[in-house]
Every structure is written in C-alpha cells, then in structure tokens.
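Good morning, and thank you for joining this meeting. Please keep the structure in view as I speak.

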Amino acid sequence: MRPGASLRLAWRSIRGHKLRSALTTLGVVIGIAAVIAFVTLGASLQAGIIGDISPDDQRNVYGWAADPDTEGGPLAGAQPIFSQDDLESVEELEEVEAAYGYAPIQSQSVSDGDEQIAQGDGLIASGPSYIREERLADGRQFEMGEREAVINPAAAEQFEENVTVGDELTITVIGGEQTTVEVVGITDSSEGLSPFEGFESSPRIYVPTDPYYVEQAGGFGIGDGGGEDGAETNGGDGADARFIAIIVEAESTSEADIDAARESTVAYLESDAADASEFLGDDLEVTFQTSTELLQQLQDILDLLQNFIVGIAAISLLVGSIGIANIMLVSVTERTREIGIMKAVGAQNRDVLGLFLTEAVILGIIGAILGTALGLVAGYLGAWYIDLPLVYPYEYVALAIAVGILVGILSGLYPAWRAARTDPIDALRYE
Amino acid sequence: MATTDTAVSLSNVRKTYRVGEPVHALDGVSLEIPRGSYTAIMGPSGSGKSTLMNLVGCLDTPSEGDVFIDDRNVGSLSGRERTRLRGTQVGFVFQTFNLMPRLTALENVALPQLFQGADRVERRERARALLERVGLADREDHRPNELSGGQRQRVALARALVNDPAIVLADEPSGNLDTETEAEVLDLFGEFHEAGTTMVVVTHERHVAERAERIVHLLDGKIERIEELDGVTDELDSGANR
C-alpha cells in the first residue's frame with residue numbers, strides 16, 4: 001500500500017473517534033508539556049543565575065580553604081585562615097600580578113544623611129582592583145587604607161536622592177558600631193563582580209579590607225578584651241585579621257599563566273612560611289578556581305536538578321504511551337471486523353501493521369506538537385512569574401517531536417502486530 | 001502455466017480441524033469451476049459450505065489435496081503470495097455486506113486496489129466506472145449507513161469486481177435483503193455473469209441457487225450431487241471421490 005493512502009486511512013479512523021483520540025493524545029500532551037516546561041524553566045533559571053555575562057575576570061583565581069569533602073559552590077565550608085602577611089607574600093610571588101583578600105562584612109544599616117536603609121549583607125571588603133576599571137561607570141577605585149567605597153547602582157538607588165560620587169555614607173555594622181565611608185566610584189551594573197558574590201542583582205557596597213575588615217575582625221576578636229589568654233591570631237590592632245577568601249590575579253588570561261599563579265600560590269600557602277599553613281591539613285585544604293571553573297560547578301548542580309525534573313516528566317510520558325497502547329488495543333479489538341474485510345480484499349499483514357502504526361504515530365506526533373506548544377506557554381508563564389529571563393531550549397522541541405514519534409511507534413507496535421496477524425476467517429465472523 | 005478454462009479446481013480436498021476429536025469439515029472433495037460459469041453451492045449447516053468457501057476464497061489452505069485458483073496451487077504459496085492471489089483473483093460478497101463503515105461508497109469500491117498499490121486517480125476512475133455499472137453513480141459519496149441494504153450489497157459487488165478477479169464468491173448474498181431487493185441484486189449477478197464473470201454463490205435457499213447454471217449439493221463434507229440446471233442431474237457416488 002502506498003504511504004499516502006495509509007496515512008489517509010489512518011487519519012480517517014482517528015477522526016472517526018475524536019473523543020477517544022483526544023483523550024489518548026492527552027497523556028502524551030501532558031508528558032511532553034511537562035518536559036518542555038521544566039526544561040524551559042531550567043534553562044531560564046540557569047540564565048537567571050549565571051547570566052549571559054561572560055566572565056571578564058578571566059585572569060582571576062579565587063581561593064578559599066574548606067574541608068575537601070565539602071560539596072557546593074564557591075566559599076562552601078570556607079574557614080578564615082588567610083592572614084594579611086599571607087596576602088602580601090602571595091602578591092610578591094613572581095607568577096602573581098596581584099593578590100588581595102575578600103570578606104563579606106555583616107552590617108545592619110546604611111545611612112545617607114538622615115535617611116537610613118536596613119542592609120544586612122552586600123558590604124564587601126576586598127582589594128582595589130577587585131573592582132576592575134572597566135566596570136566603573138563613574139569615579140575611581142577605592143584606595144587601600146582609606147575610608148572610601150565603591151557602590152553599585154542598586155545601592156545608590158536605594159536612597160531617595162541617588163547617591164553620587166563624593167557623598168558620605170554611614171554604615172552601621174553588627175554590634176552597632178558606626179563607620180563612615182566616602183563614595184569614590186559607582187559601578188556600571190548591579191550584578192555581582194565575582195562568583196563569591198553570586199551574580200544576581202542586589203545593592204552592594206565595596207570597601208577596602210583595610211581599614212574596614214581589619215577593624216571589624218580586630219574589634220570583635222576575643223583577644224582584644226580577653227587580655228593575656230587571648231589567642232595569638234587576634235591581636236588588638238587587627239593586624240592578624242584572617243580572610244575567608246583570597247583573590248589572586250595571574251599575569252595574563254592564558255591558561256599557563258593562570259596555572260602557574262595557582263600552583264605557586266598553593267605551594268606558598270602550604271609552606272611553613274605561610275600563616276595559613278598551620279590550619280591546613282587533612283580537614284582543611286585550599287581550593288583555587290577560576291570563575292569559569294566555579295560557574296561550571298553551578299552549572300553541574302543546575303543540570304542535576306534539571307535531569308531530575310525531566311526524569312519525573314519522562315514517567316508521565318511513559319504513562320501516556322501506555323495510554324496509547326491501551327487505546328490502540330481496544331481499537332484493534334473493536335475493528336476486528338474491518339481488519340477482516342481489509343485482509344479479505346487483499347491487505348497484506350504489513351499493510352494492516354502499517355495502518356495501525358501510522359495511527360499511533362499520528363497520535364504521538366499530535367501529542368508532541370500540542371505538548372510542546374503547551375509546555376512553551378507554561379514555561380513562558382513560569383519564567384514570567386518567577387521573573388527570569390526567558391530562554392527557549394529549541395533543541396528540546398525537536399527532541400520532543402522525536403519522542404512523540406517514538407512513543408507512537410513503541411506503544412503502537414504490539415497492538416499493530418496483533419491487528420496484522422488477525423485471521424481473516426475469524427475476523428469476518430466476529431460480531 | 002497457460003491459462004486454462006478452469007477458474008478454480010479442487011482435487012480430493014480434505015480439511016480437518018482438530019478440536020479434541022479430529023473433525024473432517026471437508027472429506028475428499030473434487031470440483032472444477034470453469035471460467036465464466038455460474039455455480040451455486042447448497043447444503044445444510046455443518047455440511048462444509050463455509051470451509052469450501054474459505055478454501056475457494058483463498059482464505060485457508062487444505063489439510064490434504066490441492067486447490068488451484070487461476071492455475072496456481074494455493075497450498076504451495078506463501079502467506080504473502082496467497083494474500084496477493086486473493087486480492088487480485090477473488091472478489092467477495094458477504095451476507096452482512098462487510099463494507100468499511102467510515103469509507104464512502106466510492107472508497108469502499110476502490111479499497112482492494114489500494115492494497116495492490118494502484119494510484120489514487122486510477123483507483124477512483126475504476127471504482128466510479130463500477131459504481132455506475134451497479135447503478136449507484138449518484139451515491140458515491142455516501143457512507144454505508146446512508147445506503148439501503150440493496151445499495152450496500154451492490155457496492156459490495158462493485159468492490160468484488162474492482163480488481164477484475166478470476167472468480168466472484170458470494171456467501172448468502174441475499175440473506176439480509178427483502179424479496180424485491182434480493183431480485184435486483186441477483187439480477188445484477190446474472191448481468192455480470194452474462195458479461196463473463198465467474199460466479200460462485202453459497203446459499204441455502206433454493207430460489208437463489210436456481211439462478212445458477214448448476215448447483216453443487218454438499219452433505220457431511222462431501223459432494224452429495226451436482227445438479228445441472230439445464231435439466232440433467234449428475235448423480236455422484238460419494239465413494240467415487242475417495
């Protein structure tokens with residue numbers, strides 16, 4: 001039989017049972033829609049978290065110390081072990097262009113004159129070049145040892161009158177102590193500047209580690225008030241403040257230079273000369289990664305999540321295909337007589353097989369197309385609702401259609417085979 | 001093989017069903033159906049009529065003996081070849097019409113050509129011509145449920161003829177028709193026979209059988225006698241067929 005004729009006959013019989021065909025297709029529609037919707041949401045989520053920002057901090061290597069068994073993203077399980085001396089020594093290494101600490105400071109609020117805004121995080125202490133020149137929309141980098149800050153647009157816009165370069169802000173840190181900063185620069189975007197911060201947009205104030213972190217760490221050190229029995233790492237003047245993370249800039253963005261910087265830094269930190277080395281051991285190891293590598297980790301986690309969800313959706317697809325198989329079996333029984341007629345007038349087994357298979361595949365394809373449309377709409381609504389940038393994974397649309405065909409073939413195979421081997425003599429007697 | 005004058009030939013055919021005890025549905029039947037003839041097969045229930053029809057209709061193969069259709073031995077053919085032979089050389093007309101419910105009259109008539117790979121235009125042309133010959137040219141777009149019993153049977157007859165078969169096999173063709181429609185359909189059978197079609201009608205009604213040239217009487221799986229309707233009755237000793 002010609003394929004065109006087979007297609008027409010199959011379509012005729014699908015149209016002949018509209019409700020039944022619709023219900024059969026529904027299983028596939030829901031399965032495919034679920035896969036597409038979740039994959040769309042997953043891709044959008046990924047775009048939302050990681051963003052399409054290409055890391056322009058390619059020569060930076062981000063380091064922290066954590067239990068090697070700790071899983072997770074940047075700074076997971078990190079302990080403050082890097083001393084000011086360590087940072088300075090690392091910076092003097094031949095392979096290293098610059099090195100500076102990184103530490104978030106717990107704050108309570110920020111005031112611009114009389115206006116006070118509660119802000120618990122987003123106060124970040126680091127080195128001047130943490131804010132790269134090209135990221136500055138206005139002003140300049142802060143200088144080490146000065147009471148200066150660079151803020152991002154989100155932080156500036158928090159106040160009724162936008163904060164501009166030259167304004168003075170008062171920051172209240174945990175414990176109620178107040179300190180002032182002069183705003184010397186404003187960045188061009190409110191997204192995070194490094195993987196340590198995350199990439200989402202939020203108000204952030206960047207300050208030099210000295211004096212802010214050094215003062216805070218010193219101010220709260222138990223050694224300060226405790227007197228003689230205080231731990232040696234907590235000197236009264238804060239000189240021994242330990243940083244939770246270290247950022248090392250390599251000579252260039254080339255892989256060789258990055259690896260060289262990374263290796264020599266790790267070698268130094270693990271040597272006896274480094275203050276950090278006394279803490280390092282089996283339970284605490286330093287990790288140095290570029291932002292590309294760090295993003296990869298995040299990506300892996302998201303992929304895992306997405307695979308999990310797609311797996312669940314695949315189960316509903318399986319249920320859908322069992323539905324098609326079931327309906328096709330009923331349909332074969334119901335049309336036994338028609339099969340008998342066709343065989344009596346010369347239909348070969350493969351003609352009958354082809355007819356029923358075509359029917360199942362048509363149902364599968366219709367299900368896939370409707371499911372894809374529904375899934376894209378659901379993904380769109382979902383992304384809109386959670387406020388994510390919409391990313392359509394088009395390759396999955398093609399995949400969905402292929403799966404629809406596959407589901408049709410797999411679920412139609414047995415019923416079609418049953419139909420094909422029907423004995424025409426019995427079938428013609430069938431009432 | 002050169003075409004002979006025999007459309008269907010059975011020689012010493014047995015068909016045995018094994019349902020516990022072996023049952024001989026046909027027990028040594030030999031029969032020749034010449035081309036262009038009109039044969040009726042009669043017999044009570046259980047006489048082997050249906051089995052004979054299935055064998056002649058190429059739906060089944062004999063347990064013993066040979067069935068030749070259009071000079072081809074049905075028993076020696078593969079399933080595919082047998083189906084092809086049936087599709088091209090046998091046209092069926094059933095008591096219950098057996099039309100495809102979702103297809104129009106025209107599509108029903110064209111159906112057997114579909115399985116022989118004919119193209120759409122060719123199929124429709126041929127089907128339309130046959131519908132015209134059975135007087136249903138104006139009903140080609142009607143579904144079976146929109147047609148009367150007589151019309152349905154005429155569509156079925158057109159379908160049986162569409163591939164120009166060696167034999168048209170009718171199983172109680174007027175069983176579901178009233179007297180008047182029955183006459184119409186049987187007249188049509190006569191017309192096609194006149195035009196050269198080989199007809200075999202299985203029936204248990206005498207007046208239907210009498211339209212044929214001869215009547216084959218079956219009893220207990222054997223040919224009891226063959227009655228030539230030009231007046232001569234050819235009595236057969238069933239023992240002679242063993």
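Predicted model: local features only at pLDDT ≥ 70, side-chain atom pairs only at ≥ 80, totals over all residues.

**An exposed tyrosine and its patch**

A:Tyr385 counts as exposed because its relative accessibility is 71%; here buried means under 20% relative accessible area, exposed over 50%, and partly exposed in between (1.4 Å probe, protein chains only). Residues are numbered from 1 along each chain as its sequence is written, chains are lettered from A and ligands numbered from 1 in the order in which they are written, and side-chain values use heavy atoms, with hydrogens and water left out.

A:Tyr385 is located in helix 10 of chain A, residues 349-385. Helices (H or I, at least four residues) and strands (E, at least two) are DSSP runs, numbered from the N terminus. Together with A:Val377, A:Tyr380, A:Leu381, A:Trp384, A:Ile386 and A:Leu390, A:Tyr385 makes a nonpolar surface patch of about 820 Å². A patch consists of residues with over 30% relative accessible area and no salt bridge, where like charges are joined within 9 Å and nonpolar side chains (Val, Leu, Ile, Met, Phe, Trp, Tyr) within 5 Å. The areas come from the Shrake-Rupley method with a 1.4 Å probe, and for residues only the protein chains shown count as cover.

**Domains**

Chain A is divided into domain 1 (3-51 + 299-429) and domain 2 (100-242), with bounds from an automatic or database domain assignment. The C-alpha centres of these two domains of chain A lie 57 Å apart.

**Pocket and cavities**

Let us turn to the spaces. On a 1 Å grid over the protein atoms alone, a cavity is a set of points where a 1.4 Å probe fits but cannot get out, whereas a pocket is an open set with protein on both sides within 12 Å along at least five of seven lines; lining residues have an atom within 4 Å of a point. Grid points are joined across faces, edges and corners, and a volume is the space filled by probe spheres set on the points.

The largest pocket has a volume of about 410 Å³. Its lining comprises 18 residues, and those nearest its centre are A:Leu428, A:Arg429, B:Ser50, B:Phe94 and B:Asp171. Two elements give two or more residues to this lining: helix 12 (424-429) of chain A and helix 1 (49-56) of chain B. The largest share, four residues, comes from helix 1 of chain B.

Five cavities of 30 Å³ or more are found in the whole structure. The largest cavity has a volume of about 210 Å³. Which residues are closest to its centre? They are A:Arg8, B:Glu107, B:Leu114, B:Arg120 and B:Arg123, out of 13 lining residues. Helix 3 of chain B gives the most to this lining, with five residues.

**Backbone features**

Most residues other than glycine have a negative phi, and most peptide bonds are trans. The peptide bond from A:Asp210 to A:Pro211 is cis, with omega near 15 degrees, and A:Pro211 belongs to helix 5 (residues 209-220) of chain A. B:Phe97, which is not a glycine, has a positive phi of about 70 degrees. B:Phe97 counts as buried, at 9% relative accessibility. B:Glu172 also has a positive phi, near 45 degrees, and is buried at 8% relative accessible area.

**Salt bridges**

Across all chains there are 24 salt bridges, each being a side-chain nitrogen of Lys or Arg within 4 Å of a carboxyl oxygen of Asp or Glu. In one of them, B:Glu107 meets A:Arg12 at 2.5 Å, N to O. This pair joins two chains, because B:Glu107 lies in helix 3 of chain B and A:Arg12 in helix 1 of chain A.

Within chain B, B:Asp27 and B:Arg14 meet in a salt bridge, also at 2.5 Å, N to O. B:Asp27 is in strand 2 (residues 21-34) and B:Arg14 in strand 1 (residues 6-19) of chain B, 13 residues apart. B:Asp27 is buried, with a relative accessible area of 14%, and B:Arg14 counts as buried at 19%. B:Arg14 forms a further salt bridge with B:Glu64, the closest N and O atoms being 3.4 Å apart. Shared partners join B:Arg14, B:Asp27, B:Glu64 and B:Lys222 into one network of salt bridges.
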